[in-house]
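Biologist: I have a model open and want to learn how to read it. Can we go feature by feature?

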Amino acid sequence: MNLLYLAAVLVISLVYVWTLYNLPILLVGVHNLRRTGKKRVKVSMKKSELPFFSIIVPVKDEESVVARLLDALLKSNYAKDRREIIVVEDGSVDQTGQIVKGFERDFPGEVKVVRKGISDGKPSALMEALKHVRGEIVGVFDADSVPDKDALLRAAVHFRDVSVDAVQGRICAINSDHNMLTKFVAQEEVVRYEGFMRGKEVLGLFVPLNGSCYFVRKQVLEDVGGWNVDALSEDMELAARLVQEKHKIRYASDVVSWQEYPASLVDFFRQRVRWFRGTMEAGIRYGR
């Protein structure tokens, strides 16, 4: 009984400590959001100032969503000759390969398809794409993403600050009205990005990368060795490594992309288990 009591006290204590740590961050984020407001200021840059973006899109069995993403990227208001889209086709068994090859044929010079002989995970696909990038800034989008038309331009504005080496944009739920679970997740993500992430940015704390709608300077990415192909959460691991090497990651709430969130409890549970395992893995390796 004493052991059970001690275990309960330990768990409750950890919850209190975690709450006490995160509550001030959330309050700072909410205060900053209220002070700055939600209005998005119009941005512009001279074409001569625009950095070259290489957007990596790893895909596997994404026939239902990949065309939507590529359409959104191609319709962005960023100069066509200052961007490229590299699609890594990672062993799909559906029509994904044919769809992306069609985009490569219809948009030569804008879309490049790289085929991997062996499918061994997203980090490996990203590393394969890194061999082909020509841009100064490397961006990553998941296949079910739909970035805003001005996402690249707004990201470019943040990189005018030479101290910024990586930018994490805000991801919003595109399927929030699907069912009660997606409504809940959509609201949770609003708090996570506009509360916690914004608060961490204001306080100068660790800002993680979240798998999609993020951008890293190519030279910095190469300097740290790219993505760890053995990491469960390659985005979190890369973020920890960047910060360890004194590189700054900025949360940019005006760089917006929409994405589908789990619509079933099974998918939701699997996603969160993967996230938590990946975070713990990075936490153990990069303790501080």
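Modeller: We will take a few residues in turn. Keep in mind that this is a predicted model.

Biologist: Which residues is Val146 in contact with, leaving aside its neighbours within four places in sequence?

Modeller: Those contacts are Arg68, Ala72, Ile174, Ser257 and Trp258.

Biologist: Now the surface. Which residues form a nonpolar patch there?

Modeller: Leu3, Tyr5, Leu6 and Val9 form one. Together they have about 460 Å² of accessible area. Look at Leu6, which lies in helix α1, residues 2-36. Exposed means over 50%. Leu6 has a relative accessible area of 53%, so Leu6 is exposed.

Biologist: Next, charge. What is the nearest side chain of opposite charge to Asp235, and how far away is it?

Modeller: That side chain is Lys122, 5.8 Å away. A salt bridge needs the nitrogen and the carboxyl oxygen within 4 Å. Asp235 is buried yet has no salt bridge.

Biologist: Then what lies 2.8 Å from a polar atom of the Asp235 side chain?

Modeller: The backbone nitrogen of Gly211 does. Asp235 is found in helix α8, residues 234-244. Not counting residues up to four places away in sequence, Asp235 touches Leu209, Asn210, Gly211 and Tyr214.

Biologist: Where does Cys213 lie?

Modeller: Cys213 lies in the loop between α6 (180-203) and β7 (214-217). Cys213 is buried, with a relative accessible area of 0%.

Biologist: And what is the phi of Lys246?

Modeller: Phi of Lys246 is near 70 degrees, again a positive value in a residue other than glycine. Lys246 lies in the loop between α8 and β8 (248-259).

Biologist: Is Lys246 buried or exposed?

Modeller: Lys246 is exposed, because its relative accessible area is 66%. Cys213, by contrast, is buried.

Terms used. Residues numbered from 1 in each chain as written. Predicted model: local features only at pLDDT ≥ 70, side-chain atom pairs only at ≥ 80, totals over all residues. Heavy atoms only, no water. Contact = heavy atoms within 4.5 Å. Patch = residues over 30% accessible without salt bridge, like charges linked within 9 Å, V, L, I, M, F, W, Y side chains within 5 Å. Areas by Shrake-Rupley, 256 points an atom, 1.4 Å probe, with all protein chains shown as cover. Helix = DSSP H or I, 4+ residues; strand = E, 2+ residues; numbered from the N terminus. Buried < 20%, exposed > 50% of the residue type's maximum accessible area, 1.4 Å probe, protein only. Lys, Arg positive; Asp, Glu negative; His and termini not counted. Polar contact = N/O pair within 3.5 Å; in protein donor to acceptor, adjacent residues only side chain to side chain.
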